[in-house]
Amino acid sequence: MPFTTAAVLAAATLVAIAILARTALTAWNGWLDLKRAEIARPADAGTSQALGLIDLSDIKERLRKLEAIAAGVDL
């Protein structure tokens, strides 16, 4: 392999690695910014409590249906 071919191949490989590293670093910084924004966002306690109650009632309804199925009762 001639020297010029090897040098061009090495330079192209180096450029490709640099592009991939830059892309990965940009993605990592974006992900960190997203997590910082999630942490910094004030949690609305009233909304989360209401959503928790809705989830709890949904779970109770599903449990009631499963118990009815297990008992052989048609809903």
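Student: What makes Glu 38 count as buried, exposed or partly exposed?

Tutor: Buried means under 20% relative accessible area, exposed over 50%, and partly exposed in between, with a 1.4 Å probe and protein chains only. Glu 38 has 37% relative accessibility, and therefore counts as partly exposed. Please note that this is a predicted model, in which local features need pLDDT of at least 70 and side-chain atom pairs count only at pLDDT 80 or more, while totals for chains, interfaces and linings use all residues. Residues are numbered from 1 along each chain as its sequence is written, and side-chain values use heavy atoms, leaving out hydrogens and water.

Student: Why is the contact of Glu 38 and Lys 35 called a salt bridge?

Tutor: The term requires a side-chain nitrogen of Lys or Arg within 4 Å of a carboxyl oxygen of Asp or Glu. For Glu 38 and Lys 35 the distance from N to O is 3.3 Å, so the pair meets the definition. Lys 35, at 30% relative accessibility, is partly exposed.

Student: How do you know where Glu 38 and Lys 35 lie along helix H1 relative to each other?

Tutor: Helices (H or I, at least four residues) and strands (E, at least two) are DSSP runs, numbered from the N terminus. Helix H1 covers residues 3-40, and Glu 38 and Lys 35 are three residues apart in it, which means a separation of about one helical turn. The protein comes to two helices and zero strands.

Student: What is the distance that makes Glu 61 and Arg 64 a salt bridge?

Tutor: Their closest N and O atoms are 2.6 Å apart, so the pair qualifies. Glu 61 and Arg 64 stand three residues apart in helix H2, about one helical turn. Glu 61 has a relative accessible area of 32% and is partly exposed; Arg 64, at 42%, is partly exposed too.

Student: How many aromatic pairs are counted, and why is the pair of Trp 28 and Trp 31 called stacked?

Tutor: Rings of Phe, Tyr and Trp (its six-membered ring) pair if their centres lie within 6.5 Å; planes under 30 degrees apart count as stacked, over 60 as edge-to-face and the rest as tilted. The count comes to one aromatic pair. Trp 28 and Trp 31 lie 5.4 Å centre to centre with 25 degrees between the planes, so they form a stacked pair. They are three residues apart in helix H1, about one helical turn.

Student: What makes Leu 34 count as buried, exposed or partly exposed?

Tutor: Leu 34, located in helix H1, has a relative accessible area of 45% and is therefore partly exposed.
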